[in-house]
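Here is a briefing on one protein chain. Please keep the sequence and the structure in view while reading.

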Amino acid sequence: MSYHGVPPGQSHLWSNREQGPDRLGRLWMALGLTLALALPNSLILWVPAGAHPLPAQGYPARLNRIEPQLRNTFRWWNLTCPVCKGLFSVIDLGLKQESNVARVGSIAIKFCNLLKIAPPAVCQSAVQLFEGDMVEVWTRSVLSPSEACGLLLGPTCGHWDVFSSWNISLPAVPKPPPQPPSPPAPGAPVKRVLFLTDLHWDHDYLEGSDPDCVDPLCCRKGSGLPPASRSGAGYWGEYSKCDLPLRTLESLLSGLGPAGPFDMVYWTGDIPAHDVWQQSRQDQLRALATITALVRKFLGPIPVYPAVGNHESTPVNSFPPPFIKGNHSSHWLYEAMAKAWEPWLPTEALHTLRIGGFYALSPYPGLRLISLNMNFCSRENFWLLINSTDPAGQLEWLVGELQAAEDRGDKVHIIGHIPPGHCLKSWSWNYYRIVARYENTLAGQFFGHTHVDEFEVFYDEETLSRPLAVAFLAPSATTYIGLNPGYRVYQIDGDYLGSSHVVLDHETFILNLTQANAPGASPHWQRLYRARETYGLPNALPAAWHNLVYRMRGDTRLFQTFWFLYHKGHPPSEPCGQPCRLTILCAQLSARADSPALCRHLVPEESLQDVHNLWPRPLFC
């Protein structure tokens with residue numbers, strides 16, 4: 001499948017220069033700029049591919065492409081700096097009026113329908129859901145007088161710094177020499193950690209409904225019936241753009257016995273379904289409460305440590321930094337999470353959860369767990385247009401936690417939803433530098449979000465050749481899109497004095513939908529594979545995963561095994577040819593966003609740019 005984006009083009013709204021600069025004309029001018037800058041990314045939020053990370057181009061690339069056109073247009077009008085700032089001051093005031101917000105939404109709906117980005121009903125619902133927040137963001141960022149005029153007329157008229165580069169200061173404490181973990185002694189304790197991610201419960205899932213409907217999400221009420229030549233949605237789920245009924249999640253949690261016992265659970269978010277064009281806050285809170293209660297029911301006293309996904313909010317990906325107050329803030333969500341998860345989290349963790357959706361705690365002596373809110377690194381979080389520099393001070397806080405852990409001699413696990421290689425460039429590069437500095441302290445990183453089974457290797461910044469950390473990206477519980485439901489179990493070096501707390505191995509479990517949906521069948525969750533056994537790994541340390549990538553480059557059969565497991569045992573029918581294979585392998589080495597140098601030894605130099613152009617990629621090549 002491919003991403004559904006808006007093709008670049010010049011808006012006809014810019015052609016009305018002969019008309020007088022009345023208030024309505026200024027609004028139309030603002031709308032033209034607004035749509036040119038933001039509409040493609042806002043629309044991608046509610047089409048099917050928007051659920052997967054990284055649209056084909058991020059904000060910076062789009063702005064670089066249209067910036068010369070915008071500057072030429074405004075210079076054509078002989079727009080002076082004072083007039084420009086006065087104009088956008090009026091625009092800021094005018095856009096925030098309720099009637100004008102609705103007017104912007106009306107035009108956006110027409111664009112959505114004209115470009116056939118989604119069905120008309122989806123266009124209307126989505127725009128109405130997003131318009132208030134989007135206008136608030138645009139008027140505080142892209143359309144603010146300093147930002148807009150700095151973009152259009154140059155740095156002498158203002159400062160355009162949306163998504164500009166920035167750096168986190170690290171403590172002056174010298175970095176200790178690298179100390180790779182020693183293998184645990186035979187018979188040393190081992191912890192089993194259940195990892196759940198991307199559950200995506202669809203309250204309206206309907207067996208027998210059309211799994212290939214026109215909407216971004218199918219297999220549900222409103223999807224209609226399939227034609228007589230095709231089967232309807234299965235009882236336990238479907239290989240299509242569909243999420244899961246509650247009974248499948250109940251089956252997953254009630255059938256965990258053979259995979260256990262578990263010492264703790266990492267749960268990295270994305271609870272609601274992908275019907276992002278019509279979600280209310282009440283819908284999101286119902287999903288949070290229902291699934292949290294389900295997890296607690298089946299896991300009982302086992303401690304559960306959650307992280308915030310990008311689908312928890314509405315509009316989707318809408319996570320304003322803490323300086324945004326009032327009804328636009330995320331207080332409604334973080335407060336509900338704190339109440340729902342209070343039995344699992346200590347007071348100190350609940351405090352930072354309520355402020356910014358992240359926290360730290362100590363599940364065992366010698367181990368610190370840090371749950372990050374990765375929405376503050378997200379390319380799709382439009383609130384970061386206002387200020388993308390270390391939102392909520394989260395990375396600065398992370399450095400403080402890691403330095404304190406290093407001082408105590410503790411090890412650290414990090415959990416989060418969006419993987420660091422899928423983040424905004426500055427955030428991702430800063431995180432990469434932090435991981436390199438604290439490589440002796442960081443024992444594990446665990447993420448989800450992509451719905452597939454992969455990993456990201458980190459390297460030393462000096463040579464980009466010494467593997468020093470690995471982030472594990474576990475597959476989703478949901479079937480979206482075309483996958484088996486699944487979950488992951490990690491074996492971790494256990495709780496004893498001197499434990500490394502590193503991952504020793506991992507296992508992935510799935511529900512084979514073809515078998516489960518057969519007449520008279522019942523669901524049977526089965527182990528799909530063990531990592532070390534399947535890939536012939538000597539251990540699960542970073543160098544082993546680095547070597548696996550290079551082995552797969554030359555071993556087509558090994559890569560096909562990876563490709564099969566990457567899709568949880570249900571790969572697409574289209575083969576993954578050489579460009580696809582190199583792109584997928586490059587992704588496993590790319591824990592730092594927009595950094596093709598990480599693949600320079602994997603990909604021939606003449607092909608490096610082609611592979612880089614394919615990455616970011618859709619779910620399937």
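The side chains of His 449 and Asn 310 make a polar contact of 3.3 Å. The model is predicted. Its chain has 621 residues, of which 61% count as buried. The secondary structure comes to 18 helices and 12 strands. Of the contacts between residues at least 6 apart in sequence, 73% join residues at least 24 apart.

**First annotated set**

- An unreviewed UniProt entry gives the annotation "binding site" to Asp 270, Asn 310, His 417 and His 449.
- These residues are spread over 180 residues of sequence, yet they cluster in space, with a largest C-alpha distance of 8.4 Å.
- Asp 270 sits in the loop that runs between β2 (264-267) and α8 (281-299).
- Asp 270 is buried, because its relative accessible area is 0% and the cut-off is under 20%.
- Beyond four places in sequence, Asp 270 touches Asp 198, Leu 199, His 200, Gly 309, Asn 310, His 311, Glu 312 and His 417.
- His 449 is found in the loop between β7 (442-447) and β8 (454-459).
- His 449 is buried too, at a relative accessible area of 3%.

**Second annotated set**

- UniProt (unreviewed entry) also lists Asp 198, His 200, Asp 270 and His 451 under "binding site".
- This set spans 254 residues in sequence, but no two of its C-alpha atoms are more than 10.7 Å apart, so the residues gather at one spot.
- His 200 belongs to the loop between β1 (190-196) and α7 (246-254).
- His 200 counts as buried, with 0% relative accessibility.
- His 451 lies in the loop between β7 and β8.
- His 451 is buried, at 0% relative accessibility.
- The side chains of His 451 and His 200 are joined by a polar contact of 3.5 Å.

**Leu 333 in α9**

- Leu 333 is part of helix α9 (residues 331-341).
- Is Leu 333 buried or exposed? Leu 333 counts as buried, at 1% relative accessibility.
- Leu 333 touches Glu 312, Ser 313 and Phe 319, leaving out residues up to four places away in sequence.
- Glu 312 is also one of the residues that Asp 270 touches.
- Leu 333 and Arg 281 are 52 residues apart in sequence, while their C-alpha atoms are 8.3 Å apart in space.

**Helix α15 against α17**

- How do α15 and α17 run relative to each other? Helix α15 (residues 542-554) packs on helix α17 (residues 578-588) at an angle of about 170 degrees, with the axes 10 Å apart.
- The two helices, α15 and α17, are therefore roughly antiparallel, because angles over 145 degrees count as such.
- From α15, Val 549, Met 552, Arg 553 and Gly 554 meet Arg 581, Leu 582, Leu 585 and Gln 588 of α17.
- The residues of this contact of α15 with α17 divide into 4 nonpolar, 2 polar and 2 charged.

**Helix α15 against α16**

- The axes of α15 and α16 come within 6 Å and cross at roughly 120 degrees.
- Here Leu 548, Arg 551, Met 552 and Gly 554 of α15 meet Thr 556, Leu 558, Phe 559 and Phe 562 of α16.
- The residues of the contact of α15 with α16 divide into 5 nonpolar, 2 polar and 1 charged.
- Met 552 and Gly 554 take part in this contact with α16 and in the contact with α17.

**Helix α16 and its ends**

- Helix α16 (residues 556-566) has Leu 558, Phe 559, Phe 562, Trp 563, Leu 565 and Tyr 566 buried.
- The cover over the buried residues of α16 includes β8, β12 (525-530), α14 (531-535), α15 and α17.
- At the start of α16, a side-chain oxygen of Asp 555 comes to within 3.2 Å of the backbone nitrogen of Arg 557.
- Lys 568 follows α16 and has a positive phi, near 55 degrees.

Key. Residues are numbered from 1 along each chain as its sequence is written. This is a predicted model: local features need pLDDT of at least 70, side-chain atom pairs count only at pLDDT 80 or more; totals for chains, interfaces and linings use all residues. Side-chain values use heavy atoms; hydrogens and water are left out. UniProt positions are given in the numbering used here, feature names are shortened, and annotations may be inferred rather than shown by experiment. Helices (H or I, at least four residues) and strands (E, at least two) are DSSP runs, numbered from the N terminus. Buried means under 20% relative accessible area, exposed over 50%, partly exposed in between (1.4 Å probe, protein chains only). Contact means heavy atoms within 4.5 Å. A polar contact is a pair of N or O atoms within 3.5 Å; within protein, one must be able to donate a hydrogen and the other to accept it, and residues adjacent in sequence count only if both atoms are side-chain atoms. Axes are lines fitted to C-alpha atoms, for helices over the stretch in contact, and angles run from 0 to 180 degrees between N-to-C directions. Angles under 35 degrees count as roughly parallel, over 145 as roughly antiparallel, 65 to 115 as roughly perpendicular and the rest as oblique. Ala, Val, Leu, Ile, Met, Phe, Trp, Tyr, Cys and Pro count as nonpolar, Asp, Glu, Lys and Arg as charged, and the others, Gly among them, as polar.
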